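Please read the following note with the model open beside it. It works through the fold first and then through selected contacts.

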Amino acid sequence: MKSLQPISASPLSIAAPPRPWVGWLTMGLTLVIWASFSLSIRAIGSSSLAPTDVALIRFLVPALALAPFLPSRFAALRALPVKCWVMVACGAGLPFFLIASLGGKFTSAAHVSALIAGTTPVSFAVIGWLLWREPVSPARMRRLALILVGVALMVWGFGAQSPHAMVGAGVLLLASLLWGIYTHGLRLAGLGPLSGVMVVTYPSVVALAALVGSGLVESRLAAAPVNELLMFAAVQGVGVGLFSTLLYGMSIRLLGAAKCAMVGALAPVLATLLAIPLLGELPTALTAFGVMVVSLGVVLAVRASTAPR
């Protein structure tokens with residue numbers, strides 16, 4: 001069997017796109033949706049829905065929306081190596097969602113954003129080293145360390161001293177590792193954005209149907225208020241399930257996987273800023289300092305990756 005290795009001359013990293021600003025635009029929109037993802041994950045605990053109900057909404061909406069496009073991409077999906085299926089479907093599909101929702105149950109929306117998106121650059125580097133021994137230069141390690149210190153300051157400022165919060169933080173870090181696996185999986189697969197969403201969506205729908213149909217998991221969909229169903233359908237189904245997955249796939253094709261992982265660390269910064277007008281949550285001085293440190297780390301990383309060689 002042909003070995004799956006990151007190929008430097010793959011379609012995902014051949015050359016700069018004719019309009020690089022498109023990649024930055026799609027990544028910026030992705031960050032906005034990711035910020036709302038952390039809020040909706042935290043909202044599961046206060047809703048009448050079970051986590052598997054929200055998962056079903058999150059994956060069923062894009063599954064129905066993309067059904068007309070499935071026949072034209074069936075051949076490409078069949079040719080996809082099993083390893084890529086596992087990396088993409090588990091890294092951003094049902095396992096990731098359930099682990100992230102469990103971590104959100106014990107922490108806050110700010111923790112979800114900081115510990116998943118904020119640590120993705122580190123997870124991406126760790127997975128690359130573990131699977132392919134991809135080297136991490138001392139300069140890149142310093143930038144990653146700066147981002148990690150900023151995230152730690154943000155988490156400490158949010159209040160992560162309680163035992164439950166510490167457990168939740170560990171669970172969210174596991175979700176971050178899964179997201180790093182997903183990012184590498186997209187790079188290896190070389191799929192278009194629509195096909196990438198399908199690989200995330202359809203295995204998750206099949207697994208959820210089996211779990212709910214067998215009665216192994218609880219479901220409260222029938223008794224849920226319509227406004228809750230519509231809210232989760234809009235944020236999780238349309239926003240996260242469809243648009244953010246599409247936009248993130250486009251961003252990786254246009255900017256490269258490593259750069260997208262770095263820029264993704266700005267999601268907790270955006271979530272913290274949005275929480276001020278939307279939720280009335282003012283960051284502590286420590287959190288604000290962490291925001292500045294993460295921003296500096298991302299700026300340095302992006303400048304280094306775009307500098308002429």
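The numbered points below go from the overall fold to individual residues.

1. Basis. This is a predicted model, in which local features need pLDDT of at least 70 and side-chain atom pairs count only at pLDDT 80 or more, while totals for chains, interfaces and linings use all residues. Residues are numbered from 1 along each chain as its sequence is written, and side-chain values use heavy atoms, with hydrogens and water left out.

2. Overall fold. The protein has 14 helices and 0 strands. Helices (H or I, at least four residues) and strands (E, at least two) are DSSP runs, numbered from the N terminus. Buried residues account for 49% of the 309 residues; buried means under 20% relative accessible area, exposed over 50%, and partly exposed in between, with a 1.4 Å probe and protein chains only. Of the contacts between residues at least 6 apart in sequence, 90% join residues at least 24 apart, a contact being heavy atoms within 4.5 Å.

3. Helices α1 and α5. Two packed helices are described by the angle between their axes and the distance between the axes. For α1 (residues 20–43) and α5 (residues 94–106), the angle is about 70 degrees and the axes are 8 Å apart. That makes α1 roughly perpendicular to α5. On the α1 side the contact is made by F37, I41 and R42, and on the α5 side by F96, F97, A100, S101, G104, K105 and F106. These residues divide into 6 nonpolar, 2 polar and 2 charged. Axes are lines fitted to C-alpha atoms, for helices over the stretch in contact, and angles run from 0 to 180 degrees between N-to-C directions. Angles under 35 degrees count as roughly parallel, over 145 as roughly antiparallel, 65 to 115 as roughly perpendicular and the rest as oblique. Ala, Val, Leu, Ile, Met, Phe, Trp, Tyr, Cys and Pro count as nonpolar, Asp, Glu, Lys and Arg as charged, and the others, Gly among them, as polar.

4. Aromatic pairs. How many aromatic pairs does the structure hold? There are 8 aromatic pairs. One of them is F59 with F97, edge-to-face, at 6.3 Å centre to centre and 70 degrees between the planes. F59 belongs to helix α2 (residues 51–66) and F97 to helix α5, 38 residues apart. F59 and F97 are buried. Y182 and Y248 form a stacked pair, at 6.0 Å centre to centre with 25 degrees between the planes. Y182 lies in helix α9 (residues 163–189) and Y248 in helix α11 (residues 226–255), so this pair ties together parts that are 66 residues apart in sequence. Y182 and Y248 are both buried. Ring pairs also link W34, F37, F96, W179, Y182 and Y248 into a cluster. Rings of Phe, Tyr and Trp (its six-membered ring) pair if their centres lie within 6.5 Å; planes under 30 degrees apart count as stacked, over 60 as edge-to-face and the rest as tilted.

5. Residues A63 and T201. A63 is in helix α2, and T201 is in helix α10 (residues 193–213). Their C-alpha atoms are separated by 6.1 Å, although the residues are 138 apart along the chain. T201 is buried, with a relative accessible area of 0%, and A63 is buried at 6%. Leaving out residues up to four places away in sequence, T201 touches F59, P62 and A63. With that exclusion again applied, A63 touches T201, Y202 and V205.

6. Helix α4. Which residues of helix α4 (residues 82–92) are buried? They are C84, M87, V88, A89, G91 and A92. The cover over the buried residues of α4 includes α2, α5, α7, α9 and α10.

7. Residue L70. L70 is in helix α3 (residues 70–79) and is partly exposed, with a relative accessible area of 26%. L70 and S195 are 125 residues apart in sequence and 8.3 Å apart in space, C-alpha to C-alpha. Residues up to four places away in sequence aside, L70 touches L77, M198 and Y202.

8. Residue R133. R133 lies in the loop between α7 (120–132) and α8 (138–158). Most residues other than glycine have a negative phi. R133 has a positive phi of about 55 degrees although it is not a glycine. R133 also lies over the face of W129, at 4.1 Å from the ring centre. A charge sits over a ring if NZ of Lys or CZ of Arg is within 6 Å of the ring centre and within 35 degrees of the ring normal.
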